[in-house]
Amino acid sequence: MQKPKSGYKLVNSLFGKSEEIPEEWEMLHLEKLVESYKNGIYKPEEFYGKGIPNIRMFNIQNGVINKNNVVFLEVTKEEAEDYELIPSDILINRVNSDYLVGKSGIVHDNFGPATFESKNIRVRVNQKICNPEFLNSYFNSKYYFNQILSYIKTAVAQVTINQDDLNRLLIPVPPLEEQQKIISILSNVDNLINSYGKAIETRKRFKTSLMQILLTKGIGHTKLRKIKTYFGKFEEIPEKWEIEPLGKFVQILSGNYFEYNEFSDNGIRVLKIDNVMYGKIDWENQTFLPKQYLESHKELVLQEGDIILALNRPITNNETKVAKITKSDSPSILYQRVGKFQFSDKFIDKDFFYVYLNSPIFKKTLARILIGSDQPYVKTTELLKQALRLPKNPTEQQKIASVLSNVDSKINELESKKISLEKLKKGLMQKLLIGQIRVV
């Protein structure tokens, strides 16, 4: 029989296994730590657009609730009270694809009146036993997700968890004083991460302003001409620039749908819409097809330098989900509802075009033609009709791309440091939340 090390004890864990935790800690089911659960509110589409914020699963990011792109919902006084969110409430995504199900965020003091959608479940913590910040940290740990993945249920095309699943979760719970110390350590790392985040946002705002100038006024032009834009407005652009539909320069290849039984445990990565982030590819969640698909689906194989756009929900958090394939991203295979730009013989600098796709100008154009509200999508034929303002001189296109590339380099440097800190935090969480590192 396994013998615990000094200061630790063996307790029953997941799947009948034993686990070491500090002697002062308890292994408790989540139901022992919770005062109440509440599934979110569902209302027809006509109730949206006014009222109070209604938190959706997409607003829960990295352990916090992001109020960007929040929707408003008209509710009665009774509904507002029944589905209210108060400081220290935790929201958990209970429905969606397996990369989102189980993700949680905590409500902070400055949040204000709000409700939450039916795809979320509200967890109200018994604060005599457990600090909500500690529990929310646990909900964002690898230890927690290993359990969640064993409980998820598949209904139709959706992955779900319910209250019974959550109640069965086993959680190593330290005394309240040690919980507070753990939170304090993780909070200090968070503060440093946030400081880098603010510096990144400052640089991005500068880049946005610079981009707006370069993509409307160009470099070194003294003669401008007025053009008519949407809704009868007029803007000025350099006299030597041309205005052409996107379709004159590019076409868009949409990816394929593959059946579930076609996927494999390894092989060639499939680039899905979940992998497309803002200016980069995120491979945290990977799906594979057999290697022979490189030959059988050559037209879908992505290579270094390819530019892609999410065709469903292409704008989230006020940013466009467009990215360029790097060496480490290739080869990969294009999945449905992700589009790859294919360039025609008409010259346009690829780097300039990529700058344009990341600009406020393109985002505004894209937002105007999106179809639907809950899962807005872009129709490629409509996108290709949209006007592009383009310097005729290829050298000017390259200069604009180069200036903005230098700004991007500084942003990437800051983001790299932020990512290193986030990895440090994950490592600390893994050890602190199961008692491998003590802070008594």
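Student: What share of the accessible surface of the protein belongs to carbon and sulfur atoms?
Tutor: This is a predicted model, so local features need pLDDT of at least 70, side-chain atom pairs count only at pLDDT 80 or more, and totals for chains, interfaces and linings use all residues. Residues are numbered from 1 along each chain as its sequence is written, and side-chain values use heavy atoms, without hydrogens and water. By the Shrake-Rupley method with a 1.4 Å probe, where for residues only the protein chains shown count as cover, the accessible surface comes to about 23000 Å². The carbon and sulfur share is 49%.

Student: Why is strand 13 largely enclosed by the rest of the structure?
Tutor: Strands here are DSSP runs (E, at least two residues) numbered from the N terminus, and strand 13 covers residues 120-125. Buried means under 20% relative accessible area, with a 1.4 Å probe and protein chains only. Asn120, Arg122 and Arg124 on one side, and Ile121, Val123 and Val125 on the other, are all buried. Strand 13 is largely enclosed because its buried residues number 6 of the 6.

Student: Which residue is the bridge partner of serine 36 in strand 13?
Tutor: Two strands pair if DSSP finds at least two bridges between them. Strand 4 (residues 34-39) pairs with strand 13 in the antiparallel sense over 5 bridges. Within strand 13, serine 36 has as its bridge partner arginine 124.

Student: Is threonine 316 buried or exposed?
Tutor: Threonine 316 sits in strand 25 (residues 315-316). Its relative accessibility is 9%, so threonine 316 counts as buried.

Terms used
Helix = DSSP H or I, 4+ residues; strand = E, 2+ residues; numbered from the N terminus. Buried < 20%, exposed > 50% of the residue type's maximum accessible area, 1.4 Å probe, protein only.
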